[in-house]
Amino acid sequence: MALVLFFWSMIQSTITGLAIATIKKSPQNRILSAVFLTMAFNTFLQYLFRFTKLKLDIPELLFISDVLDLLLPGLIFWYITSLFSGSEQRTRDYWYFIPASIALLVSSIYVLSIDNFSFPTFIGSPFHIALLFSIVLWKSYIIFKTHQTIKAASKVANAKQKEELRWPKVLTIFLGVSLYVALLLLIYHTVIHPFSTNVLHQQIREVVELNYIVFNSSIIFVTMFFALKYPKALSRSTITLVTDNMKEEDTLMLHYEKKLAQLVEKDSIHLDTELNEKMLAEKLQIQSYLLSKLLNYHIGKSFSVYINEKRVEHAKKILSKDMEKSLTNFAVAIDSGFRSESVFYVNFKKYAGMTPRQYRLKCIQMEEAV
């Protein structure tokens, strides 16, 4: 049964992670996708350690599972904080991954420093116990911070917004279950394993394995439930909680959004082939991180997507007027701000849903019909 659950959890985690990334291409969903793919990889490692000879053949890989256990809560907390459009957290705040990075570095040094490194020299060793203890501490801290974040959000949320907070709350419960499993492993390796008989040791080990895999499987079921019952939980970019500070920020962002629209419509800034984020920020007279916030969180598009969509709109206007086909695709590309015909062709097909030639024919047919 455990073997089947391991396979099921590994496959479903992978599929869920890839599916979430395609529901809506937002920074939040990319983080959530990373959560499930990390779970899938860790489950795969656990399967190899438990049901193959990998732990004996390549024991140097044993610590990677512990590193992933430190990585996962950081990813979840990053995802939850990024859900709130008014949050001070930004995607460049990578402090969530410091424990996992330190564990990776120290563990690598530890493995390399021991001659004839083997399974018995690691599992149950003081170093391994220290890793398990750090996982429990880190998960406890993340649960505390997550609870604080959601509690603060709940105080300013209206009834509709409180419904949207159900998903972050479920993830907090998921972290709690994860902490329970980490505590179980710590107790097993510090109290039970050193003093139990072989028979009792085997029975308890099976219980620990079953807890681990059931915990992984349960979060997938919960995610599927939320995806079906509350599709906006996974399809929206942020949960907007309106406070006085956020109202001021929204007013400011609305001002810059209008200014950006003016730069596009009146000044045709998007037609400059040399345009980049730094140049656009200078034109808007704002810092680069504010431009990124304006585009990614308030407009909901990255710089490249926003500019290329505007360039394709301009190209469509040119093509609709060029009934005689006097302009080549290269000329249309350059006039629309693209550096080359190939880049123009790829983006036109992506955002217009057809090739430039097909769009010309469509315009001609519409003209003839009139």
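A contact is defined here as heavy atoms lying within 4.5 Å. By this criterion, and with residues up to four places away in sequence left aside, Met 253 touches Leu 290, Lys 293, Leu 294 and His 298 in the predicted model. Met 253 is located in helix H12, which spans residues 244–265. Its relative accessibility is 3%, and Met 253 is therefore classed as buried.

The overall architecture is helical, with 18 helices and 0 strands in the protein. Of the 370 residues, 43% are buried. Among contacts with a separation of 6 or more, 71% involve residues 24 or more positions apart. The accessible surface of the protein amounts to about 19,800 Å², and carbon and sulfur atoms contribute 61% of this area.

Two histidines were examined individually. His 128 belongs to helix H7, which comprises residues 126–156. With a relative accessibility of 4%, His 128 counts as buried. The side chain of His 128 reaches the backbone nitrogen of Gly 124 at a distance of 3.0 Å. Beyond residues up to four places away in sequence, the contacts of His 128 are with Asp 66, Phe 122, Ile 123 and His 189.

His 270, by contrast in its setting, is placed in the loop between H12 and H13. The relative accessibility of His 270 is 5%, so this residue is likewise assigned to the buried class. When residues up to four places away in sequence are excluded, the contacts of His 270 include Val 264, Leu 275, Ile 307 and Lys 310. Arg 311, His 314, Ser 336 and Gly 337 are also touched by His 270.

A search of the whole structure identifies 17 aromatic pairs. One of these is formed by Trp 78 and Phe 97, whose geometry is edge-to-face, with 5.3 Å from centre to centre and 75 degrees between the planes. This pair links distant parts of the chain, since Trp 78 lies in helix H4 (residues 62–83) and Phe 97 in the loop between H4 and helix H5 (98–113), 19 residues apart. Trp 78 and Phe 97 are both buried. Tyr 110 and Phe 117 also form an edge-to-face pair, because their ring centres are 6.2 Å apart and their planes stand at 90 degrees. Tyr 110 is buried, as is Phe 117.

Lys 55 is positioned over the face of Phe 119, 4.9 Å from the ring centre. Arg 311 is positioned over the face of Phe 338, and here the distance to the ring centre is 5.9 Å. Arg 311 is also among the residues touched by His 270.

The search for salt bridges across the whole structure returns 2. In one of them, Glu 274 is paired with Arg 339, and the closest N and O atoms are 3.3 Å apart. Distant parts of the chain are linked by this pair: Glu 274 is in the loop between H12 and helix H13 (277–284), whereas Arg 339 is in the loop between helix H16 (329–335) and helix H17 (341–352), 65 residues apart. Glu 274 has a relative accessible area of 45% and is therefore partly exposed. Arg 339 has a relative accessible area of 57% and is therefore exposed.

Another salt bridge joins the side chains of Glu 309 and Lys 301, with an N to O distance of 2.5 Å. At 21% relative accessibility, Glu 309 falls in the partly exposed class; buried residues are those under 20%. Lys 301, at 30% relative accessibility, is partly exposed as well.

Notes
Residues are numbered from 1 along each chain as its sequence is written. This is a predicted model: local features need pLDDT of at least 70, side-chain atom pairs count only at pLDDT 80 or more; totals for chains, interfaces and linings use all residues. Side-chain values use heavy atoms; hydrogens and water are left out. Helices (H or I, at least four residues) and strands (E, at least two) are DSSP runs, numbered from the N terminus. Buried means under 20% relative accessible area, exposed over 50%, partly exposed in between (1.4 Å probe, protein chains only). A polar contact is a pair of N or O atoms within 3.5 Å; within protein, one must be able to donate a hydrogen and the other to accept it, and residues adjacent in sequence count only if both atoms are side-chain atoms. Rings of Phe, Tyr and Trp (its six-membered ring) pair if their centres lie within 6.5 Å; planes under 30 degrees apart count as stacked, over 60 as edge-to-face and the rest as tilted. A charge sits over a ring if NZ of Lys or CZ of Arg is within 6 Å of the ring centre and within 35 degrees of the ring normal. A salt bridge is a side-chain nitrogen of Lys or Arg within 4 Å of a carboxyl oxygen of Asp or Glu. Accessible areas come from the Shrake-Rupley method with a 1.4 Å probe; for residues, only the protein chains shown count as cover.
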